[in-house]
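User: I'm new to this one and would like a close look at a single part of it. Could you walk me through the aromatic rings and how they sit together?

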Amino acid sequence: MKRPQESFTLMEHRLYFAWLSFLKVFRCIVSKSHFIKNQARRGGAIYSEDDLKVHDCIFEENSANKGGAIYTEDDLNLKTCIFEENSANEGGAIYTKSSEIGIYIQASFNTWRGNRAGVLT
C-alpha cells in the first residue's frame with residue numbers, strides 16, 4: 001500500500017485511549033498520516049471529543065472495543081482516506097457516540113475494505 005508523501009506513521013501502539021486522544025487538541029486536522037496496527041479501548045487510531053477533519057490518511061489493521069480506526073463524539077469530516085482491515089466490537093472503522101453527530105464523507109474519494117463489525121455505528 002502506498003503511503004502518503006511527507007507522512008507520519010504510527011505503528012503498533014497499545015493504549016487505553018487512542019494515540020491522538022493524548023494531544024488534547026480541539027478542532028483537529030489530521031492529514032497525510034498512516035495508522036497501522038494500533039489498539040485502544042476507544043478509537044484504535046484516533047479518539048476525538050471535538051470537531052475532527054481527516055484527509056489523505058490510511059488506517060490499517062487498527063482495533064478497539066468501539067471504533068476500530070476512529071471514535072468520535074463530535075462532527076467528523078473525511079476526505080481521501082483508506083480504511084482497511086480495522087476491527088471493533090462496535091463500528092469496525094468508525095464509531096460515533098451519538099446519532100446526532102454529523103459525519104461528512106466524500107464517499108467517492110474514500111476506500112473501505114475488510115472492516116469488521118460494520119463500517120459505521
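Analyst: Start with F35, F59 and F83, which together make up one aromatic cluster. Keep in mind that what you're looking at is a predicted model.

A search of the whole structure turns up four aromatic pairs, and one of them is F35 with F59, a stacked pair with ring centres 5.1 Å apart and 10 degrees between the planes. It counts as stacked because the planes are under 30 degrees apart.

The cut-off for buried is under 20%.

Now hop over to Y47 and Y71, another stacked aromatic pair, with 5.1 Å from centre to centre and 10 degrees between the planes. This pair also ties together distant parts of the chain: Y47 lies in strand β5 (residues 46–48), while Y71 lies in strand β9 (residues 70–72), 24 residues apart. As for how covered they are, Y47 is at 9% relative accessibility, so it counts as buried. Y71 is buried as well, because its relative accessibility is 3%.

How values were computed. Residues are numbered from 1 along each chain as its sequence is written. This is a predicted model: local features need pLDDT of at least 70, side-chain atom pairs count only at pLDDT 80 or more; totals for chains, interfaces and linings use all residues. Side-chain values use heavy atoms; hydrogens and water are left out. Rings of Phe, Tyr and Trp (its six-membered ring) pair if their centres lie within 6.5 Å; planes under 30 degrees apart count as stacked, over 60 as edge-to-face and the rest as tilted. Helices (H or I, at least four residues) and strands (E, at least two) are DSSP runs, numbered from the N terminus. Buried means under 20% relative accessible area, exposed over 50%, partly exposed in between (1.4 Å probe, protein chains only).
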